Every structure is written in structure tokens, then in C-alpha cells.
Amino acid sequence: MRRGLVFNIQKYSVQDGPGIRTTVFLKGCPLRCVWCHNPEGIASEREIVVLETRCIACAECRRACRFTDEQPGEGPLPALHASCDLCGRCVEACPTQARQIIGKEMTVDQVLRVVLEDRLFYEESGGGVTFSGGEPLLQADFLRQALAACKGHGLKTAVDTCGLAAWEQLASVVPLADLFLFDVKFVSDAKHRQYTGVSNQLILSNLRRLARVHSSIWIRVPLIPGLNDDPPELEAIAGLAGSIPSVRQVNLLPFHRTGMAKARRLGRDPVLADLSPPTQDGFSAALAPFQQRGLLVKIGG
Amino acid sequence: MTDRTAKLRRQSLDTPPSISCERARLITEFYQANQGRYSTPVMRAMAFLHLCRHKTIYLGEDELIVGERGPAPKAVPTFPELTCHSLEDLKILNSRPKTWYRVDDSCLKLYEEVVIPYWRGRSMRDRMFEELPSEWKEAYAAGIFTEFMEQRAPGHTVLDDKIYRKGMVDFKRDIAAAISRLDFLRDPEAYAKREALKSFDIACDALMLFAARHAARAREMAAAETRPQRRGELLRIAEVCERVPAQAPRNFHEALQYYWFCHLGVITELNGWDSFNPGHLDQHLLPFYRQGLADGSLTPDQARELLECFFIKFNNHPAPPKVGVTAAESGTYTDFANINLGGLLPDGSDGSNEITHLLLDIVDEMHLLQPSTNLQLSRKTPDAILKHALQVVGRGYGFPSLFNADAVVEEQLRQGKSLEDARAGGCSGCVEVGAFGKEAYILTGYFNLVKVLELTLHNGVDPRTAKQLGPHTGDPAAFRNLDELFAAFRRQLRHFLDIKIAGSRLIERMYADHMPAPFLSVLIDDCIQKGRDYNAGGARYNNTFIQMVGLGSITDCLSAIQQACFDPVENGGGPRLALPDLVRRLDANFEGDEVLRQRLVNRTHKYGNDDDYADALMLRVFEACFEEVDGRPDARGGHYRVEMLPTTCHVYFGSVTGAMPDGRKAGRPLSEGISPVQGADRRGPTAVIKSAAKMDHVKTGGTLLNLKFSPGLVNTEPGLEKWAQLVRSYFRMDGHHVQFNIVRADTLRQAQADPESHRDLIVRVAGYSDYFCDLSPELQEEIIARTEHAGF
């Protein structure tokens, strides 16, 4: 059976659609958003992460490493080094789970088993399962099978997408998803290129095409101070959302800093290290253009 | 709050708890003068009458609901006939850093000259320790179990709706009828029954006298009062106290005052556990409330003010002082009166009403330590009630706790109660289930499951003292698999439960024979009909509980042993370790073994993660406890049952238990209730709930699950909605109870650093809430350590 690369399965996920949900995060993303909240979801390969708060500096990882001779210094190993082939010995040796491999190859059945654990909570709350990422459509075959398996068990499904995928792939999951959570970062293509590394032309055209064939879309806008919270940009996004009848809700997701700590744990330098989360005043200003268009808009999921 | 109730609340919060020796003096002089004159029940009733006749009447400035157990708010009497405190005990009470009670020199003098000389050797506690066998005392000293009845009387019970229909004169009529039915010709117990019934009758008189003294005092004060408004209030108080408890109440004010007199009667007669409790207060008050609004004699604001005055009365009454192990197992000022909201009516329909909302508003606004409140949530309870309750919980004061009213009914049906009695029941104390007004459900003590496993790993020897306390069940080297180890654990468990239950039965009989509770017996069916005291099996239903502590810890210990010592290496995450080797490392408290300890903490299967590897072991322990305890006869005609709650005993039990295979170091607290080991749950609240629900809660008399949420997760409307659905989901799985601490760890750290500014910080501890700054440092650390389910 086909396997997917999963980097997290989050239970009691309360921000990714209606009700109590389980969110399955698939690894790999075509965007490089500078504020990324889930940097561990970007690469399509497995990676090693080090949680500094858990490390007790016992150096069991160093003793377990097959390439110790090539490692300078002493004490615990850093997250990254050139010779690492992700054999996992250091992770197995770590007594505190400070070292972990991000990304696990899982079959549809394995994912389904975890998702079904919380079935009663979905029933009680009108919740279900959300596939997110990264970008789940990067593993479109796996996503399709996983969605079909969930639907087969009567679960409500949602797909959280950045929208950057071949239309045929997006279209192929339309019959299997009860809800799309569709990210819109910028309407301005220049800014989109500057801060996510890619053009938004395909994304926006996918959104419009999706709206013609699917009736339940929530637009999700990460609210990044100084980048997309200026009135012209928010007006443009609200205008777009207001022009699409399938849009049932808009969620403004305030920037938060957890992505920064996560990037460091992956051995990377975060880009927006000094940025502060938006304030209450910023929220009201951001909500206004959406409310003026009669859209249901919420801060958070 | 009105100005009046704000002032009374402030006074209640600011008055330091103190010991009053008045009761000790009165009870001692009564016993000295009357020893040998009456049968035991009548002696107890006459002693109660003496107290009601002579104790100081307190009627405070601005009060509307009147009456105190002591001579003033927060002045706590002692019960030397149960526990005769030594001078040393009193000095410790005065000086200990937590849950202190001020003791003045006159009190010490009275104890030295009068109280101790009379009661030493005569108190229940002294006689009990004289009677109990040495094996019981050794197990008790080792911290295998505690004993509830060594400092406080059986109690634990709750009132139903009978006082709202009947006055003391009506009860006296019932008692007279019961006496007239006695058959001295044929019934060998006729004399005993008549003495019991006589004692009940005297107790009714005593309470009426107590109320009449309040009425007289109110009239005196009214005569001297110059402010017309207060004079009017005092006259109204006098009228109320002239009506109740003698006659059934006619209005809202009388109903509240009547209950309060009953409360004071019960907690003055004896110091029973969990004080006393009005039970379904919203249901009981509803007719008076609606009638008052309809005939214009009551406004919602007046009802609210009276209820606030009523709540403050509970807060004026810190628990009777406890010392030694009992102080450690229940280290709190709270006395566990736990008002039930919502629930079901006896006909099975929804019991919530407008007073439910009113009481929730009051809890929200006043956030007093006492009384506790809980929501009895049934399938029929509207979401509006649940959300209102969760909004109050969301403020972070820990109230109300949430109970599954449907499971509470099922639990009672399993125990053989009638459907109507079960529905009229509810929960009291921490999480205990009972048929209100009709049951003696008595907790006997906590039981340290983890300590029993420690003894099993040492062939019956307690490694702390090197004493052979349990049977020889095999050296660790002899166990070839977990089944063999578990069989040995089971033998040790049975051994110590036999010791505990034999001791409890002895103590139960001592209370039945020497320390009846005539006034409480008036209030609990069917004591009058049977002519038998509450403490002797007079109640319609009798159940006796042992509270199991450390379920999460022992599960994780067994899981770690299975994984580290018995599983094939390729299966588990750990290095294969021989069990004797593991035990040696435990004996050394993991000294120099931090890597192994961390592996045991982090790399083994843990309870609380919806992981069947661990949860199956939890079930095995639970079933063993249930099978060893449930259905054994108690000494009042009822049965022993299990409960899964710790109060603060998991801290004490941890302090006497060495390092264990779950990676816990010696002396650290055990897990509490049925919650996972602090920090062991890593898959969020749904996984904790799934794990906890694998146990059959319906077979227990109560389980306690504690979840800590950060405010961010619940303070939005969608967050509240999903939180409510989470609770409904747990209850759909037959979960018995869940409570939430809504607080940030950094707030708690600030409170530790600056207690002065955080005096009003109340947190959920375990079945009850307490002032954070009053908790022991270990318990403070533990509350902080409990997994904070931060936002995702």
C-alpha cells in the first residue's frame, strides 16, 4: 500500500475546521513563507530535530552515531551534519526524546487507525479529520486514498491547502473533501513572490475554479504584521473572498512565534525572528474589511 | 454582590482561622457531670442539647442568615471525645506554615488542666489505637493506607428535600409513632431502638432550642438598634428563627435558614467528614423562589443577596483541624460541602432551572473557597447550563466540577438503590456518589497501590524500614514474566486489604456502639423508621469505600517493567534489564543512573495516551482492586466499594514510597485520581479521556480526573463550544467526573514568588479547589507540572 510522509497527527485540534478534529500533517511544501509556523513541514524528506529543553547533555547520541569521528567537539550532537543519513541510532539512543526524526512513513491504514481513535469526539461535536501540511496535495495519491478511507468510515473530511498544485490534483480530491481550508496570503503577486518564493497566479486561479465545483470553502489568511496587514492588502483579500459565493467563512490566523523556535530546533535560522504577534487593535482593523462585505470572519480557526 | 455581602465576604476572607475551646469545655463538663447516667445514644443527644443550650450565640453585623458553629466566624471547635489533641498538637496547629489555626494560651491552659486529663485514654482515637492489631498499625505507619475515622467521625452524607416539607415537630411526631410501634414483647432490640429514638427526639429539641436562642438574641438586638432598616432585618431574622426549624419553611429565607441550622447541628454534634451538604439546592429552592416572585414577597435581587449570605456562611467554617497523617491526606481548610447543580429530578426529567444560573453567577462573582459546587450534567441538561458552568470554570477558580449525572444514577442502580432514590442522589465531598438523605456512604481511607507494588518487588519487605510487612511472594529474580509478578502483587494487595478492612470493621462497630449521631439520624431515612442510628446502619442504604491512589503511577510502573524487563528487545525501546537489576537501581534512587531513569520516564508506554499497551495494565490493576473490595460486607449491613480519588494523599503516599520503575524518584508525589502521571500524557485531552474511560466507572463510587487547560484554549466562543463537546464526549463514554484547572504555569510561578499578591488564586487540587498559596510547596510544584494542554 502507498505510504505517506506524515510529520504530525494532532488530536483535539480545534482550529482546523468545525468541531473537535484530528489534523494529519503531511510533510513537504512548495512555498517558502518567511513566517512559516510549521517549518518542520517544509522539506519533503525526513529530518532530525533537537528539542533543547529536553536535552540533558548526556551525549548518548554522540556515542550512538556511526560518524562520530567526523563530528567535531564533544557533548550532544547538533541537529544537522553533513554525513547524517538519518539512520536513527542517535534518536533511538536519546533517553529524553530530545532528538527526534520529523517525518514518518505511514500507510493509509496506519493513519486511519489513529484518526478513528477520536471518532466519538467527532460525532459529539460535528468534527472530523483535516489533512494539512506542508501541502497535502504534494502527496496527492496518498491524500486521495486517505480521504477515501476516512469517508468510507463516515468521517467528515477537510483539506487545508496553500492552493499551489496542478488543477487536476486539486480537482481529484474535490469529491472526497467536505470542506476546503484554502490559504490566501496576498492578492498582490509581487508580495507573494517576495515573501513565499512563488507566484500566486495558479493559487488564485485554483481558488476560483474550486469555488465553481465545491460549495464549502473557508479562506484562511495568516495575519503577518508589516507584511499583509496593511489596509490595501486586506481590502484586496476581502474583495476576493467576497466575490466567491462558496466562501463560507474567513479565518484570520495571527502570526505567532512558535515557528521561530521550531526553525532553530531544525538547525535553521528563522527569518522573522524579531517580529511581534499582532495586537488586539490590529485584529479589529483587520476584521473590518471582511465584515463590511458581510463575510463571516473570525480570529483564529 | 451588595455592599452587605461584599463586606461579609471580606470579613470571612480576612478573619484568620482559630481554635475555639468552648465546645471542648462544654462537652468535658457535661461528660464529667453525667457519666453513667444515660444510655450511650441518649448521652450523646443530651451532650448535643447541652452544647445547643450553652454555646455562644453569634449574630453578626449585617447578617441575614445566622448561626456559627464556633463563637464567631472562622473559630473552629474541637471534638475531644473523638480526638483529644495534645499540647504538642495544638502548638503545631498554631505554628505550622500551611493550614494553621491560631491557638491562644487560655485554650492551651484549658486543655492542660481540664480536657486532656479527662479525655486522654477515653477519646475514640485513643481507644481505637488500643484496639487495633499491630499488623494494622505497622501498615498504617508504613503509609500503605490511611484511616479516616481516627480524627473525624463518619459523615460524608448529604441532605435531600425532606426539611423543606417537615419541621422538627413533624420529625418528633414520626419518632413518637416509631416508639409507639416498638414491640417489647417480641423484639429483643426494642430497648436499643427506644434509646436511639429517644436520642433522636432530644436532638430535635436541641436544634429548636438553638434556633430559639438566635430568635431571642435577634429580638434583643432589634430593641437596641437605632437604624430602622437594620431593626427591621433583625425582627425578620427573629421571625424566621421562631418558625424554622420547628416548622416547615414558608419562604425562600426560611428555607435557607432552616438548612443552615441543620448544617450547624450536624457539624456541632460530631465533626463528620465532608461537613454536611444541602445537595440539590437549585431544585429544593425552586418552589420557594417561584412562589416568592409570584406573590411579590421576593425579588431576584433579594434572593441573590440571601444566597450570597448563605454561601459566606460556608466559608466561615474551615474544616476541623487535622494533625499527623490525616492532615497530610487532607491538607486543606475546605470542608467539602459540595452543592449540586442541575442533575435529574426523581421522575427522570431535567433538574436544572433558573436558580442553577443564579447560583452559577454567584459562584462566578464570589469565588469563595467554600462551598464547593458541581454541575450534575445529564444527557438532558441543556447546553446553555453546561456553557454557563464552563464560563465560570474558565475564570480559573476551579468551580464548578463536572459530573455525569446519568452515570451517577447507573452507579447507584448497580449498588441496588431504587431508580427514584438514585436520581435524587448526586455527588459530595470530592467525587463520592450517594443517595441524598437516605444513605450512609462512608470513606474509610486511602490505599497506596504503588507502595504495595514496591513491597511486591521486595518480597514483602518495606525497603524504607527493612521490615517484613507483607507475605513472602517471591524474590524479583523468580518472576519470569509480568503475569507472575502481577500474581504476587495481587496476593500482597489482598493481604493489606484484609488488614485494612478488618480494622475498618472494628472502627465502624466502635462508632456504632460508642459514638452515635442522633441529630444526623433524624435527617437520614430510615433511621427513625428502623429505630437505628446513622452510625449503626440506620440509613436506607449503606456503603463503605476504600479510595485507591496512584493508578496512573502503578500502571506506568508495570508498563515500564514489562517493556524494560520482559518484552523481547526488538519490540521495546529499552535495553533489556533483569528485574533484580532494575530493583537494585530503584533502591539506589537512580543514583548515577540518570540515562536509565530518563529512558523509563520518556521511552516507555504511559497511561493517558489512549495506548492499549499501558491502558490494558491500568484495567488489570483496576479490576484487581474492584474484585478484592467490591461486595465485601461492612459492619453496618452494607458493602465495601472502591473509589478512585486522592484528595492530597498522593503527595503523602509519594513521600513514603521509594523510587519506582516509571522513573519517579523516591519521595515524589504519585499520580492523583485517575489522572495520568504528571506530564506523562502527551497526546492531548482526547487521549487522556479515552484512556480514563477504558475503566468501567459505573463499578465505582466515584473517580476523579483532572485536566489542566490554559485559558487561551477556552476563552473564545468556539473554544467554549468544543470544550463543552469534549466534556459531553467523556460522559458519553460513562466517565464519572472531570475537573479543569484553567491557569497558566507562569501565573502559578508568580504566585509562588509573591504569595501576598496572589492570595485569592484558587486552583483545582483533586476533587476540590484550594488557595494555591496555602498548598504545600510539593503540591504547588505538582500543579505546575501537570500537563498544560496548551493551544495547538
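1. B:Phe336 counts as buried, because 24 C-beta neighbours lie inside 10 Å and the cut-off for a buried residue is 20 or more. The backbone at B:Phe336 deserves attention as well: its phi is positive, at about 65 degrees, although the residue is not a glycine. B:Phe336 is placed in the loop between helix 14 (324–329) and strand 3 (338–342) of chain B. Most residues other than glycine have a negative phi, and most peptide bonds are trans.

2. The model under review is predicted. For the complex, the predictor gives an ipTM of 0.94 and a pTM of 0.93. The average pLDDT of chain B is 93, and 96% of the residues score at least 70. Where pLDDT is low, the predicted coordinates should not be read in detail.

3. A positive phi is also found in chain A, at A:Ala59, a residue other than glycine, with a value near 65 degrees. A:Ala59 belongs to the loop between strand 3 and helix 1 (60–64) of chain A.

4. In chain A, the bond from A:Gly133 to A:Gly134 is cis, with omega near 10 degrees; A:Gly134 sits in the loop between strand 6 (128–132) and helix 5 (140–152) of chain A. In chain B, B:Gln370 and B:Pro371 are joined by a cis peptide bond with omega about 0 degrees. The loop that holds B:Pro371 runs between helix 15 (354–366) and strand 4 (372–377) of chain B.

5. Where does A:Ile48 lie, and what surrounds it? A:Ile48 is part of strand 3 (residues 47–50) of chain A. It is buried, because 23 other C-beta atoms lie within 10 Å, against a cut-off of 20 or more. Beyond its neighbours within four places in sequence, A:Ile48 is in contact with A:Ala79, A:Cys84, A:Leu86, A:Arg99 and A:Ile101. The C-alpha atoms of A:Ile48 and A:Pro78 are separated by 9.3 Å, the two residues being 30 apart along the chain.

6. Chain A contains an open sheet of nine strands with mixed pairing, in the order 5-1-2-6-7-8-9-10-11. Strand 5 (104–107) and strand 11 (297–299) of chain A are the edge strands, each pairing on one side only. On average, neighbouring strands of this sheet are turned by 30 degrees against each other, direction ignored. Within the sheet, strand 7 (residues 157–161) and strand 8 (residues 179–183) of chain A run parallel and are joined by four bridges; A:Ala158 stands opposite A:Leu179 of strand 8. Helix 11 (residues 280–292) of chain A lies across strand 9 (217–223), strand 10 (247–254) and strand 11, at about 165 degrees to strand 11.

7. Chain B has an open sheet of three strands, ordered 8-11-12, with parallel pairing. Strand 8 (439–448) and strand 12 (639–643) of chain B are at the edges with a single partner strand each, so one side of each has no neighbour in the sheet. Neighbouring strands here are turned by 30 degrees against each other on average, direction ignored. Five bridges connect strand 11 (residues 541–549) of chain B with strand 12 of chain B in the parallel sense, and B:Phe545 has B:Arg641 of strand 12 as its bridge partner. Helix 20 of chain B lies across strand 8, strand 11 and strand 12, running at about 145 degrees to strand 8.

8. The largest nonpolar core has 324 residues, and those with the most contacts inside it are B:Ala203, B:Leu207, B:Leu449 and B:Val727. Helix 20 (residues 482–514) of chain B contributes the largest share of this core, 13 residues. Apart from neighbours within four places in sequence, the contacts of B:Leu207 are B:Cys52, B:Met168, B:Pro245, B:Phe261, B:Gly265 and B:Phe519.

9. At the interface, 23 residues of chain B are in contact with 21 residues of chain A. Helix 25 (594–602), helix 28 (684–693) and helix 29 (717–732) of chain B each supply at least two residues of the side of chain B that touches chain A. Helix 29 gives the most to that side, with seven residues. By class, the side of chain B that touches chain A has nine charged, eight polar and six nonpolar residues.

How values were computed: Residues numbered from 1 in each chain as written. Chains lettered and ligands numbered in written order. Predicted model: local features only at pLDDT ≥ 70, side-chain atom pairs only at ≥ 80, totals over all residues. Core = buried A, V, L, I, M, F, W, Y, C linked by C-beta atoms within 7 Å. Buried ≥ 20, exposed ≤ 12 C-beta atoms within 10 Å, placed from the backbone. Contact = placed C-beta atoms within 7 Å. pLDDT = per-residue confidence, 0-100. Pairing = 2+ DSSP bridges. Axes fitted to C-alpha atoms, helices over the stretch in contact; angles between N-to-C directions. Nonpolar A, V, L, I, M, F, W, Y, C, P; charged D, E, K, R; others polar.
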